[in-house]
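Subject: Structure handover

Hi,

Here is the structure I promised to pass on. Have a look at it first, then read my notes below.

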Amino acid sequence: MPLKLNSYNAWLLMFGVLLAAHAQAQSYPARSIRLVVPSAPGGGTDIIGRALAAKLTEYLGQQVVVDNRAGAGTTIGIDMVAKSAPDGHTLLVSPSTLALNTWMYAKLPYDALRDLAPITQVASVPNALVVHPSLPARTIRDFITLAKQQPGAINVGSAGIGTSPHLSLELFKHLAKVDMAHIAYKGSGNATIANLAGEITAQFPSLPTAMSYIKANRLRALGVTTVKRSPYIQDVPAIGETVPGYEATQWFGFLAPAATPAPVLERLSQESLRALRAPDLVKIMAGEGAEIVGSTPAQFGAYMKSETEKWGRVIKAAGIKPQ
């Protein structure tokens, strides 16, 4: 005969579940935590990951150790976390390639939306549309006019096929209805050298990459790729002020394996948001030209989904073939 629960027994059962969840959250973490950064030391993701790890070590009471696992466009490190034990002791700080890789690789060993649990969007970094000073265009509207007058003649460099600077260009071409030639380089540094030399007309590097050249008047910034103007270069408009709907943000997210218990994810959410308010971490982020976001898991999950869908449309429209 099946057991029937009265309201008192049901309340006791629920109370027991809550106590167990509370105990799980209180006992976490039980040992040191590995924070996987899927890129090489010294880059933006690594710097942001190490800053977050330092604060989480302080707040969680256990050492948070950064483990750089670079390779295959960040997929090696991401896959490691996706397949790790879901106990909160292996975590991930990933750049926005997390959303792009879904479309750039024919066979990924993981599904980012299915196999990873969002904790928070840590920060966002704008790209900037910069041109060689010899170009007569001084506004986004001028640039669009020139591109329409000379279809395919304006050469725009990028850090490589499928990178954020490349897709920033493709979205611009799509929304502004212009035709420009894309030239892929091996990294933003090489594209910037070509831009400074006048070998290419324009590029969409990250704002931190271009900032010193903008300030030295060696490159002219026409717009930033975020919805709003950047606080670090407020006299440069957002491209979306001229091209409605334009946004191409590089972002950094904090995630765990998908089956990580809810109390552990909640603890990580609380402590990461606390970390993102710490003055020393804010200063480090500002040095990278990054704006702190600090979203909830639900907000970050929705954002990941929308970014994945959006860039899928852009990549398909640009005719970029998965590797």
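Below is what turned up, going from the cavity to the strands and then to a few helices.

Some ground rules first. This is a predicted model, in which local features need pLDDT of at least 70 and side-chain atom pairs count only at pLDDT 80 or more, while totals for chains, interfaces and linings use all residues. Residues are numbered from 1 along each chain as its sequence is written, and side-chain values use heavy atoms, with hydrogens and water left out. Helices (H or I, at least four residues) and strands (E, at least two) are DSSP runs, numbered from the N terminus.

**The cavity**

Searching the whole structure gives 1 cavity of 30 Å³ or more. A cavity here is a set of points, on a 1 Å grid over the protein atoms alone, where a 1.4 Å probe fits but cannot get out; lining residues have an atom within 4 Å of a point. The largest cavity holds about 60 Å³ of space, where volume is the space filled by probe spheres set on the points, and grid points are joined across faces, edges and corners. Around it you'll find Ser96, Leu100, Ser164, Leu167, Ser168, Ala248, Thr249, Glu307 and Trp311. Helix 7 (164–176) and helix 12 (297–318) are the elements that give two or more residues to this lining, and helix 7 has the largest share, with 3 residues.

**The strands**

Where does strand 4 (residues 116–126) sit, enclosed or open? It is largely enclosed by the rest of the structure, because 10 of its 11 residues are buried (buried means under 20% relative accessible area, with a 1.4 Å probe and protein chains only). Strand 4 runs antiparallel to strand 10 (residues 249–257), and 9 bridges join them; two strands pair if DSSP finds at least two bridges between them.

**Helices to click on**

Helix 8 (residues 188–197) has Ala191, Thr192, Ala194, Asn195 and Leu196 as its buried residues. Those buried residues pack against strand 5 (128–131), strand 6, strand 8 and helix 9 (207–215). Just after helix 8, glycine 198 takes a positive phi of about 80 degrees.

Alanine 147 is in helix 6 (residues 140–149) and is buried, with a relative accessible area of 1%. Leaving aside neighbours within four places in sequence, alanine 147 is in contact (heavy atoms within 4.5 Å) with Ile154, Val178, Asp179 and Met180.

Lysine 55, in helix 2 (residues 44–60), counts as buried too, at 8% relative accessibility. Setting aside neighbours within four places in sequence, lysine 55 is in contact with Ala275, Ala278, Asp280 and Leu281. The side chains of lysine 55 and aspartate 280 are joined by a polar contact of 3.3 Å (a pair of N or O atoms within 3.5 Å; within protein, one must be able to donate a hydrogen and the other to accept it, and residues adjacent in sequence count only if both atoms are side-chain atoms).

Cheers

Key. On a 1 Å grid over the protein atoms alone, a cavity is a set of points where a 1.4 Å probe fits but cannot get out, and a pocket is an open set with protein on both sides within 12 Å along at least five of seven lines; lining residues have an atom within 4 Å of a point. Buried means under 20% relative accessible area, exposed over 50%, partly exposed in between (1.4 Å probe, protein chains only).
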